[in-house]
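Colleague: Could you take a close look with me at one part of this model, an aromatic residue and its surroundings? I would then like to see how that part sits within the chain as a whole.

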Amino acid sequence: MVTDYVAPEFDLGGFNCPWCGAYARQVWYHGLATHDERKQESKFKGWLHGFGAARCDKCENYSLWRKGSLIYPLTSVAPLPSMDMPDNVKHDYEEARAIFSQSPRGAAALLRLAIQELMPAVGESGKDLDTDIGNLVKKGLPELIQKALDGVRVIGNNAVHPGQIDVDDNPDIALSLFTLVNLIVENVITRMKKVDELYELLPETAKEHIEKRDKGAP
């Protein structure tokens, strides 16, 4: 599942590889050696401190790090979007992934816009996110998903109108929002899709009986 994604992190023993995308053990090497090609006797020159490398056990590619930050490959550490995410929502989500490393604040604002774009797909207007979430709660939205929606909404609002939460000072907050958006999609779209697919397997006579029952017909 996308929600099982573990973001690449310096010195972490395992995460989703920025090369192959799979979760795998990472073997770390701290301090990189430099070489002097002008000297034939001994090419070893010294150490570059503050640098490190991690080798993925699955694809065997190396990621390079400097002062705790991923510098190669140039890829987002944010999780990929859920497979059932609507295209218009995915557009904002992918843009947030692309800018996350440079601007956690901008990513948080885009993710707030993404869940607002999601509202029409679940029967709401998409005009006022706070009102839409309230309507979904009245319809029986689980408390866990309500908290996820409000978390993205409030933190995203703070990113646009700085308040008590400074996302740029704590990028892990913005990173967690990606997981919340995927969780929301998987609960309000993926689960319903699976239920509908199962229901369609029922015999027509059974579905007719259910329809009559729900209408109160004898």
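What is the relative accessibility of Tyr 72, and what does Tyr 72 count as on that basis?

Modeller: Happy to. This is a predicted model, in which local features need pLDDT of at least 70 and side-chain atom pairs count only at pLDDT 80 or more, while totals for chains, interfaces and linings use all residues. Residues are numbered from 1 along each chain as its sequence is written, and side-chain values use heavy atoms, with hydrogens and water left out.

Tyr 72 has 42% relative accessibility and counts as partly exposed. Here buried means under 20% relative accessible area, exposed means over 50%, and partly exposed is in between (1.4 Å probe, protein chains only).

Next, the ring itself. A pair of aromatic rings is described by the distance of the centres and the angle of the planes. Rings of Phe, Tyr and Trp (its six-membered ring) pair if their centres lie within 6.5 Å; planes under 30 degrees apart count as stacked, over 60 as edge-to-face and the rest as tilted. By this rule the model has nine aromatic pairs. In one of them, Trp 19 meets Tyr 72 with ring centres 5.5 Å apart and planes at 70 degrees, so the pair is edge-to-face. That pair joins distant parts of the chain, 53 residues apart: Trp 19 is in the loop between strand S1 (14-16) and strand S2 (23-35), and Tyr 72 is in strand S5 (residues 69-72). Trp 19 is partly exposed as well, at 37% relative accessibility.

Another pair brings together Tyr 29 and Tyr 62; their rings are tilted, 6.1 Å centre to centre with 45 degrees between the planes. This too links distant parts of the chain, with Tyr 29 in strand S2 and Tyr 62 in strand S4 (residues 62-66), 33 residues apart. Tyr 29 counts as partly exposed at 36% relative accessibility, and Tyr 62 does so at 40%. Ring pairs also join Phe 10, Phe 15, Trp 28 and Trp 65 into a cluster.

The loop between strand S3 (44-56) and S4 is worth a stop. Lys 58 lies there and is exposed, with a relative accessible area of 60%. Contact means heavy atoms within 4.5 Å; not counting residues up to four places away in sequence, Lys 58 touches Cys 20, Ala 22 and Ala 24.

The structure holds zero disulfides. Cys 56 is buried at 0% relative accessibility, whereas Cys 59 is partly exposed at 24%.

Helices (H or I, at least four residues) and strands (E, at least two) are DSSP runs, numbered from the N terminus. The chain has six helices and five strands, arranged along the sequence as β-β-β-β-β-α-α-α-α-α-α. Of its 218 residues, 37% are buried.

In soluble globular proteins, nonpolar side chains tend to be buried together. A nonpolar core is a set of buried Ala, Val, Leu, Ile, Met, Phe, Trp, Tyr and Cys residues joined through side-chain atoms within 4.5 Å. The largest one here has 41 residues, and those with the most contacts inside it are Leu 111, Leu 149, Phe 178 and Ile 184. Two or more residues come from each of helix H1 (87-99), helix H2 (104-118), helix H3 (129-138), helix H4 (143-160) and H5. H5 gives the most, with nine residues.

The buried residues of H4 include Leu 149 and Ile 155, and the buried residues of H4 pack against H2, H3 and H5. Beyond its neighbours within four places in sequence, Leu 149 is in contact with residues including Ile 115, Ile 133 and Ile 184. Finally, helix H5 (residues 171-199) has a kink of about 35 degrees, centred on Glu 186; the bend at a residue is the angle between axes fitted to the seven residues ending there and the seven starting there.

Methods: Disulfide = S-S within 2.5 Å.
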